[in-house]
Amino acid sequence: MEKPYGEANRDRPPASRRAIAERDKAAPAQPEGAAAGDSPAERPSAAPIGAAQVERPSAAPIGVAQVERLSGSSPAITIEEPPPSAREHVTKPLLASEALMEDLAPMRPAQDAARVWCAVVGVGFLLFGGLSVAGLRPDGVVAGPPAFVLGIVALFTALTSVSYRQRAIAMVVLGTIATVIGLQSSGPAVGWGAARAVAAIALPAALVFRSRYRAYAGARWLLVAAFLVALPAFGHAAAQLTLLDPHLAQLGALMVILAVLSSLTGFMGAETTGAGSSLAVAVVLAFTADMVIGRLAQLSAFTPRDLVGVLSAGLAFAATSALTSLGLFQILAWRLAADARRIDLHRPENDKDGRDRRPPSGGEWLT
């Protein structure tokens, strides 16, 4: 007899029904469209049939592979900005106008060179003092203590921390005192010796100032004043060449005339330095050679003691002249640097000396 639907299931043994229930519990049915490799935690929970499907964000973070698999495209890459502490500190760039201004009108030129030169001159004075005490210099023991004092003061000026102006003034004072002491041994030619020393100090200082402040119109006026100061020494050298009897002193006079005439390149335009620094060294060496050759020409016999005395006097003259000239240049730089910086760097139609280089109205440049 055929049983109604459902009664046949009731006739099954309880064990069969229990096995079917355990199998269904162990492998629940997957929703349609779910991936075979997804874990239960990644599948959305089943909702009752007919209920509204509400998407809920998952509490666990979604990996990159899951985003690629769900969206079908590569995820957007976000670059985190480093914290402000890790950013590189960027300093203010140096403008071209500032670099050009420092080149045309420096505020403290040759500051380190002044300290080095003071140390060198200080050691030289101590050495000359030792030679005087040993009796190898003409003045003997009398010239020893002043040389020691000047050497100690020069070393103190080089090693201590003083201002730019104070060191420049100290250099001029030391050089002047050493020059006066050296002139005492010149004898009757002390007047020409003083003229030589003044020229060897003023002309190199003006040449160096002209080369470092080439766009400053006042630098050429300082060079004119230096030429006027050096005119007596130049005239004395020219007079030496007019003598009919040739002698050794004329060689030194010729070197002085060539050095002074070469310094006329300082009056060139602002586009060039006029080789002022090199000519300044040449002027000091030329006047030193003139003094040494002149003294050697006066010697009747070349004894070792006389040679040491003449050569040491020449070295002392060159060192003190260079020291005083460098100090005078720094005093001029300290005093006139601010005025020399009043240059309009943004007017190409004007020359650096301030003269108007624009063509006439409606005209063109002449070539």
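Me: Where is Thr-179 placed, and what makes that stretch a helix?
Reply: Thr-179 lies in helix 7, which covers residues 164-183. Helices (H or I, at least four residues) and strands (E, at least two) are DSSP runs, numbered from the N terminus. The model is predicted, so local features need pLDDT of at least 70 and side-chain atom pairs count only at pLDDT 80 or more, while totals for chains, interfaces and linings use all residues. Residues are numbered from 1 along each chain as its sequence is written, and side-chain values use heavy atoms, with hydrogens and water left out.

Me: Why is Thr-179 called buried?
Reply: The relative accessible area of Thr-179 is 14%. Buried means under 20%, exposed over 50%, and partly exposed in between (1.4 Å probe, protein chains only); Thr-179 is therefore buried.

Me: Which residues does Thr-179 touch, not counting those up to four places away in sequence?
Reply: Thr-179 touches Ala-197 and Thr-320, where contact means heavy atoms within 4.5 Å.

Me: Why is Arg-295 described as partly exposed?
Reply: Arg-295, found in helix 11 (residues 276-298), has a relative accessible area of 23%.

Me: How do you know how helix 8 runs relative to helix 9?
Reply: The axes of helix 8 (residues 190-212) and helix 9 (residues 218-241) come within 8 Å and cross at roughly 155°. Axes are lines fitted to C-alpha atoms, for helices over the stretch in contact, and angles run from 0 to 180 degrees between N-to-C directions. Angles under 35 degrees count as roughly parallel, over 145 as roughly antiparallel, 65 to 115 as roughly perpendicular and the rest as oblique. Helix 8 is therefore roughly antiparallel to helix 9.

Me: What kinds of residue form the contact of helix 8 with helix 9?
Reply: The residues divide into 18 nonpolar, one polar and three charged. Ala, Val, Leu, Ile, Met, Phe, Trp, Tyr, Cys and Pro count as nonpolar, Asp, Glu, Lys and Arg as charged, and the others, Gly among them, as polar.

Me: What makes a set of residues a nonpolar core, and how many residues has the largest one?
Reply: A nonpolar core is a set of buried Ala, Val, Leu, Ile, Met, Phe, Trp, Tyr and Cys residues joined through side-chain atoms within 4.5 Å. The largest has 53 residues, and those with the most contacts inside it include Leu-203, Leu-207 and Phe-329. Helix 12 gives the largest share of this core, 10 residues.
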